Amino acid sequence: MAIVEMQRIGIYGLKKDRKKVLEFLQGTGAVEVAISESADELFDKMDTAGDKVRYQKIADDFEHAIELLKKYDTKRQKALLNLENKLILKSEWDEVISKRQKLYSEMNRVLSLEKSISESEATIIRKENKIASIKPWQSLDIPLNSEKTKTTRIFIGSFPMFLTEEQLINIAVKDMEEEQPVTVKVLGVDNQVSNVCVIAHNSIADKVEENMRSEGYIKLPYLTHRVPALAIEKRRKEIKAEEEKISSYKNELASMAHNIETFKVAADYFRTRSEKYRILGTIPQSKNAFFIEGWVEKDKADAIKNALEEKYDVVIEYEEISDDDIINEPVVLKNNKFSACTEGVLESYGLPQHGRVDPTTVMSMFYVFFFGMMLSDAGYGLVMSIICAVVLLKHKRIATGLKKMIQLFFWCGLSTTFWGFMYGGFFGDAIDVIAHTFFGVPATEQVLKPIWFAPLENPMKLLIYCMLFGLIHLYAGLAMKGYEYLKNHDVIGFVSDIISWYLFITGLVLMLLPSSIFASIAGRQIVFAPALVTASKVITIAGLVIILLMSGRANKNWGLRIALGAYDIYGVTGWLSDVLSYSRLLALGLATGVIANVINMMASMNGNSPVGAVIFIVVFILGHTLNILINLLGAYVHTNRLQYVEFFGKFYDGGGKPFEPFKTINRYVEIKED
């Protein structure tokens, strides 16, 4: 529950050492380089944008080649989950990097083969389309571009209608004497389009063409100068040749699949180099010197300083943090192992600023507690925790953010298991259903009994407890705000904005408990001693008066001050809506249990038989898998909402800048010193 103290650091050195210093800083990954806005005429900045983009493009090309080669790597074992980077020795890294030019050429060959495959596939598509356009004419035994002979003219085209040869000849010789020198052939009909060939003697050719055009004749556009059957055969041979090319290209790609691992190292190298040039372009430097400003965790500052001064001719200075620097001072959270896993939840909302409270520890306890109440099934919780534990034990080098998320779901799984047994839910009522269906246990006998009570039997009782837990959560948020007041020695603010609301809300709750409204909800009447009834009224009025008089204390005008206080008192309606929001703990918990019970009922409908057992297993597995996924998502979303809206709304506003150290960007490998 702390924010790590940061140190602003300045590094001054000779220009000849700047790249080595940057490589050292990048290797340690402990310093965030601040972008310098120095306007000193003695210093300038290199234009490294071109190098940065070039190296990033090379890295992207290597990644593209990797994904392409994976498709052709028949020996690679395809893992269900790839959660960690491969660990390699520094000597292996150096060996691969020494061959980077060769790897670059091989990568370009991979991309070239992909381009060739795409071109051949496009050629095949074009030729198949050409075949499709020629195919309707394949019964024609003369070239498709034939137009005339010495004594005749040839008309090859189509009519937008169904025609027989008899109808076609009638159209051709319309208004002519019979026995005209005309030959016709209907080559085929497709979608009410008739493809035809008409040969007419030169003496009547013009009239024949006029007759046919009047009926919608359209001349065939140029397709080929060959006989259709021969043109089709030629293109099929060309398609086969392209397919053989594709096959050879793919075989070559398969033979290059062994480069995947070295390509990964190269991709990481060029990506890291691109990042180095990005930072290099922000460093002020003169003809002979350079300087770097940045941030480092205070407890690591001396180690970085000593290492740099030992290796290079540099001067290291610790700089005082100015008021302007406080705004830009990066934030690193430091929490215990349990609470650290919820830091990602906090970061999604916004990091705390320096000087403010880190709510991670308090939030983590409520987060896991409420998540378990929402999912609330022991079977689901055990499945979650076991899967997360196996992943964490099997994969040691998972990325930090993902590792924290898996750890969070492990703890949430344990909480879910706890609440499941408290409510008597283990895959819904699966134990009872199995016992009744397959083992002859009487239907009236309950096998798995809840340790506390069953929410489905007494939902109003659970609703009251949900609102109680919600009130405790809200009180904790108010306490966090009070802690900040005391940390800043603002006792008046602590009393005016914290103690007053504790008195006011607690008094209202104590006044509500013995009322008929609460009795109708709880199903029982609570009776307080007269002294406690009086005390509840006294503390309510005391809180009300403090809020009324002190909430607007920044104003000296008492009329405005009291008006602002009265407006703040109206904020009690916000407390009411916040408390009611915790009814989602009941709603999601009931939803999980009801759906699980319905799944069990459906699974057991075929009774105690071999077929019934098989159906039970299939329905049980599929149904509960879907149920856990759906309700897991719901529990995650609504638990976040309770933190972001209700809890944080009482004291927290975020706004901190995350610590982004200058480091290597390795997506595929981790380097281990020999």
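Start with the largest pocket of this predicted model, which has a volume of about 1600 Å³. To find its centre, select Gln 26, Thr 28, Gly 29, Lys 663 and Thr 664, which lie nearest to that point among the 45 lining residues. Next, colour the elements that each supply at least two residues of this lining: helix H1 (18-28), helix H3 (90-98), helix H8 (260-280), helix H12 (343-349), helix H15 (400-423) and strand S14 (669-672). If you colour by class, you will find 19 nonpolar, twelve polar and 14 charged residues in the lining of the largest pocket.

Now move to the second largest pocket, with about 880 Å³ of space. Centre your view on Met 467, Val 509, Leu 512, Leu 513 and Phe 518, the closest to its centre of the 26 residues that line it. Helix H17 (459-487), helix H18 (491-512), helix H19 (516-522) and helix H22 (572-581) each give at least two residues to this lining, and H17 has the largest share, with seven. The class colours here show 22 nonpolar, two polar and two charged residues.

Go back to H1, and show the sheet it lies across: H1 covers strand S2 (6-14), S3, S9 and S10, and runs at about 10 degrees to S9. These four strands make an open sheet in the order S3-S9-S2-S10, with antiparallel pairing. Strand S3 (31-33) and strand S10 (314-319) are at the edges; each has a single partner strand, so one side of each has no neighbour in the sheet. Look along the sheet for its twist, which averages 30 degrees from one strand to the next. Then zoom in on S3 and strand S9 (residues 289-297), an antiparallel pair joined by three bridges. Select Val 33 here, and you will see Gly 294 of S9 opposite.

For the last stop, display another open sheet of four strands, ordered S6-S7-S5-S8 and paired antiparallel. Its edge strands are strand S6 (182-190) and strand S8 (218-219), each of which pairs on one side only. Eight bridges connect S6 with strand S7 (residues 193-201), and the two run antiparallel.

Notes
Residues are numbered from 1 along each chain as its sequence is written. This is a predicted model: local features need pLDDT of at least 70, side-chain atom pairs count only at pLDDT 80 or more; totals for chains, interfaces and linings use all residues. Side-chain values use heavy atoms; hydrogens and water are left out. Two strands pair if DSSP finds at least two bridges between them. On a 1 Å grid over the protein atoms alone, a cavity is a set of points where a 1.4 Å probe fits but cannot get out, and a pocket is an open set with protein on both sides within 12 Å along at least five of seven lines; lining residues have an atom within 4 Å of a point. Grid points are joined across faces, edges and corners, and a volume is the space filled by probe spheres set on the points. Ala, Val, Leu, Ile, Met, Phe, Trp, Tyr, Cys and Pro count as nonpolar, Asp, Glu, Lys and Arg as charged, and the others, Gly among them, as polar. Axes are lines fitted to C-alpha atoms, for helices over the stretch in contact, and angles run from 0 to 180 degrees between N-to-C directions. Contact means heavy atoms within 4.5 Å.
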